[in-house]
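Here are my comments for your first read-through. Please keep the model open beside you and check each point as you go.

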Amino acid sequence: MDRVAKLASERAVVVFTKSNCCMCHTMTSLLSDLGVNAAVYELDREPQGREMERELVRMLGGRMPSVPAVFVGGDLVGGTNRVMALHLAGEFVPMLKKAGALWL
């Protein structure tokens, strides 16, 4: 099993970020504001960060940027645009509840 998939399956919500990415900060702030205790991996601070970023690019079908990459219940949801679209449509919170990331 590849490293990204393994890490993504260990918690209800996992986010891959970079420390200097403002959209990554926005995504982790949204999750925190919703009450989600997400596992956050900053690729520029991870020993295997470059390899993990390559895995994310492959998972995203070669699309860039590769971060933020949000996984819910072990499944790749996507980046900022996808998560925000789901949130505005009222679909993100139910997804988080189903994965056990939110209790209420």
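The points below take up a helix, the cores, the salt bridges and the cysteines.

1. Ground rules. This is a predicted model, in which local features need pLDDT of at least 70 and side-chain atom pairs count only at pLDDT 80 or more, while totals for chains, interfaces and linings use all residues. Residues are numbered from 1 along each chain as its sequence is written, and side-chain values use heavy atoms, with hydrogens and water left out.

2. Helix 2. Helices (H or I, at least four residues) and strands (E, at least two) are DSSP runs, numbered from the N terminus. Helix 2 covers residues 22-34, which is 13 residues. From first C-alpha to last, helix 2 reaches 18 Å, close to the 18 Å expected at 1.5 Å a residue. The expected span is 1.5 Å times one less than the number of residues. Just after helix 2, Gly35 takes a positive phi of about 90°.

3. Buried means under 20% relative accessible area, exposed over 50%, and partly exposed in between (1.4 Å probe, protein chains only). Which residues of helix 2 are buried? They are Cys24, Met27, Leu30 and Leu31. Seen down the axis of helix 2, these buried residues fall within an arc of 125°, so they line one face. The arc is taken from the directions from the helix axis to the C-beta atoms. Cys22, His25 and Asp33 are exposed on the other side of helix 2.

4. What the buried face meets. Contact means heavy atoms within 4.5 Å. The buried residues of helix 2 pack against strand 1 (13-17), strand 3 (69-72), helix 4 (80-88) and helix 5 (92-98).

5. The cores. A nonpolar core is a set of buried Ala, Val, Leu, Ile, Met, Phe, Trp, Tyr and Cys residues joined through side-chain atoms within 4.5 Å. The largest has 16 residues. Val13, Leu31, Val36, Val72, Val83, Phe92 and Leu96 touch the most other members. Strand 1, helix 2, strand 3, helix 4 and helix 5 each supply at least two residues of this core. Helix 2 gives the most, with three. Apart from this core lies another, of 15 residues, among them Leu7, Ala8, Cys21 and Leu56.

6. Phe92. Leaving out residues up to four places away in sequence, Phe92 touches Leu31, Leu34, Val72, Val83, Leu86 and His87.

7. Salt bridges. A salt bridge is a side-chain nitrogen of Lys or Arg within 4 Å of a carboxyl oxygen of Asp or Glu. The count comes to four. One of them joins Glu53 and Lys18 at 3.0 Å, N to O. This pair links distant parts of the chain: Glu53 is in helix 3 (residues 49-59), and Lys18 is in the loop between strand 1 and helix 2, 35 residues apart. Glu53 is buried at 16% relative accessible area, and Lys18 is partly exposed at 25%.

8. Another pair, in helix 3. Glu51 and Arg54 meet in a salt bridge at 3.8 Å, N to O. They are three residues apart in helix 3, which means a separation of about one helical turn. Glu51 is partly exposed at 40% relative accessibility. Arg54 is also partly exposed, at 47%.

9. Cysteines. How many disulfides are there? The count is zero, with a disulfide taken as a pair of cysteine sulfur atoms within 2.5 Å. For Cys22, the nearest cysteine sulfur is that of Cys21, 5.7 Å away. Cys22 is exposed, at 56% relative accessible area.
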